[in-house]
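Subject: Structure for you to look over

Hello,

I am passing on the structure we spoke about. My notes on it follow below.

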Amino acid sequence: MGTPSIILSSTETHQTLTIDPAGEASLSGHIQIPGDKSISHRALMLGALAEGTTHIRGLLLGEDPRSTAACFQAMGATISELNTESVTVQGIGLGNLQEPNHVLDAGNSGTTMRLMLGILASHPDRLFTVTGDASLRSRPMARVIQPLSQMGAHIWSRKGGLAPLAVQGQVLKPMHYQSPIASAQVKSCILLAGLLTEGKTTVSEPALSRDHSERMLRAFGANIEVDPDTVSASVIGPARLTGQMVVVPGDISSAAFWLVAGAIAPGSDLVVENVGVNPTRTGILEALQRMNADITLENPRDVAGEPVADLRVRHSRLVGCTIDGDLIPRLIDEIPILAVAATVAKGTTVIRDAAELRVKESDRLAVIASQLTRMGAHVTELPDGLEITGGATLKGAEVDSFTDHRIAMSLAIAALMAQGTTTIQRAEAAAISYPTFVPTLRSLFS
Ligand code: S3P
């Protein structure tokens with residue numbers, strides 16, 4: 001067993017992560033992961049909209065939740081310094097958002113922009129302007145502008161539904177929206193717009209996406225109905241939200257990097273503690289188990305309305321499989337790291353029905369295919385997925401995150417399995433969802 005060399009070097013704007021596994025690296029021990037990104041956003045938003053005080057334990061300190069916190073502070077919420085121990089949010093009460101005197105900046109965060117749009121659109125008599133970084137300004141917002149407009153919202157965008165956006169808040173009408181995509185951001189945007197809207201606002205989706213909004217809205221006192229038969233969720237407005245205690249579990253999307261690393265690195269035996277295992281998010285466990293990974297759930301428990309467990313992973317010989325259909329929304333953010341697992345699996349892995357990956361923080365199908373190919377993997381890009389023939393020996397190469405956090409971390413795990421040195425350009429992207437990724441990676445070998 002070798003000790004990998006892991007070096008992070010910085011220029012004024014970017015970081016480069018250089019990894020040389022120095023032979024076969026195995027991972028062992030117990031690790032803690034940062035708080036769930038989706039739940040962190042929602043805790044800050046609902047806390048800001050509630051009456052009274054919300055206490056958040058385990059908040060993710062990544063760049064994305066910081067963008068959410070800054071936006072809601074600019075609209076009148078009082079949010080204490082962000083830390084993982086305890087963040088307090090003094091809510092201003094639904095309907096009371098103040099018109100900000102500057103442009104709201106959602107940074108790199110699609111969740112911030114899309115969820116916030118539902119909230120802004122339903123606050124009458126106020127004008128809001130919203131923008132984001134270069135990646136977010138190229139991501140489709142029509143998917144929320146269109147249904148919100150049907151509810152009576154007034155939203156202006158750049159051509160093609162791109163940010164920057166201007167929102168003139170209105171009294172909205174309730175509706176039943178049949179979403180063409182399984183997207184928790186679309187669903188949550190409409191449910192949040194329904195909070196101040198009199199009557200029943202319903203969203204149906206083609207397959208169930210993550211349900212953190214439904215769970216947390218209910219915990220804050222909103223009248224929420226879900227119907228599994230029609231895959232729909234409704235809010236009956238107007239709602240009143242009351243400040244709560246939110247305990248944020250570890251993010252299974254961050255755990256996924258260690259689960260794959262432990263599954264593919266010979267000799268590994270690793271426990272990732274306190275991971276959120278909400279069934280709308282555990283597609284990664286099912287996919288890896290289908291690939292013959294040895295993953296067990298230990299100490300399952302319920303924490304503040306979300307299921308949590310410790311996940312133990314031991315090395316095993318992975319085999320290729322097909323991942324498609326309803327499983328895709330349940331592992332949508334884990335496809336880049338699953339592609340890494342597929343490069344070392346025996347046989348072929350086919351991922352389909354995942355065209356949504358083309359409009360994430362980067363075009364994840366194109367980027368992961370091109371970067372893993374640079375490392376010697378056999379990856380074919382499909383219009384809606386990837387076909388990966390495993391078993392090729394990965395070799396160190398110069399690769400790029402394309403400023404996408406999940407790509408940066410997936411390539412770091414691929415680098416651990418490669419022969420020779422890999423340099424990952426623009427590795428600072430990891431801080432969007434996992435600021436402590438590199439120290440945790442180092443700790444696994446010390
Ligand atoms: C998220 C929903 C998903 C996911 C994103 C977080 C959320 O996006 O990819 O990282 O918190 O609601 P889509 O709704 O676009 O699928």
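Helix H6 gives the most to the lining of the largest cavity, with 4 residues. This is a predicted model, and everything below should be read with that in mind. The lining of the largest cavity consists of Arg 42, Met 45, Leu 46, Leu 115, Leu 192, His 212, Ser 213, Met 216 and Leu 217. H1 also supplies at least two residues of this lining, as does H6. By class, the lining residues are 6 nonpolar, 2 polar and 1 charged. The volume of the largest cavity is about 50 Å³.

H1 and H6 also touch each other directly. H1 covers residues 37-49 and H6 covers residues 212-219; their axes come within 10 Å and cross at roughly 35°. The crossing of H1 past H6 is right-handed. On the H1 side the contact is made by Ser 38, Ile 39, Arg 42, Ala 43 and Leu 46, and on the H6 side by His 212, Ser 213, Met 216 and Leu 217. Sorted by class, this contact has 5 nonpolar, 3 polar and 1 charged residues. Arg 42 and Leu 46 of H1 take part in the contact with H6, and Arg 42 and Leu 46 are also in the lining of the largest cavity.

How many cavities of 30 Å³ or more does a search of the whole structure find? The search finds 3. The second largest cavity holds about 40 Å³ of space. Its lining is made of Asp 36, Ile 39, His 212, Pro 249, Ile 252, Gly 276, Val 277, Asn 278, Arg 281 and Glu 306. These divide by class into 4 nonpolar, 3 polar and 3 charged residues. His 212 is in the lining of the second largest cavity and also in the lining of the largest cavity.

Next, the domains. The chain is divided into domain 1, which is made of 5-34 and 249-443, and domain 2, which spans 37-247. Their C-alpha centres lie 28 Å apart. The contact between them takes 27 residues from domain 1 and 24 residues from domain 2.

Four helices each supply at least two residues of the lining: H1, H3 (110-121), H5 (184-194) and H11 (405-416). By class, the lining of the largest pocket has 10 nonpolar, 9 polar and 15 charged residues.

The second largest pocket has a volume of about 400 Å³. Its lining counts 21 residues, of which Glu 24, Ile 264, Pro 266, Val 344 and Met 417 lie nearest the centre. This lining divides into 12 nonpolar, 7 polar and 2 charged residues.

If you want a place to start, display H1: H1 contacts H6, supplies at least two residues of the lining of the largest cavity, and likewise supplies at least two residues of the lining of the largest pocket.

Regards

Definitions and conventions: Residues numbered from 1 in each chain as written. Predicted model: local features only at pLDDT ≥ 70, side-chain atom pairs only at ≥ 80, totals over all residues. Heavy atoms only, no water. Axes fitted to C-alpha atoms, helices over the stretch in contact; angles between N-to-C directions. Left-handed = near helix turned anticlockwise from the far one by under 90°. Contact = heavy atoms within 4.5 Å. Nonpolar A, V, L, I, M, F, W, Y, C, P; charged D, E, K, R; others polar. 1 Å grid on protein atoms, 1.4 Å probe; cavity = no way out; pocket = protein on both sides within 12 Å on 5 of 7 lines; lining within 4 Å. Points joined across faces, edges and corners; volume = space filled by probe spheres on them. Domains from an automatic or database assignment.
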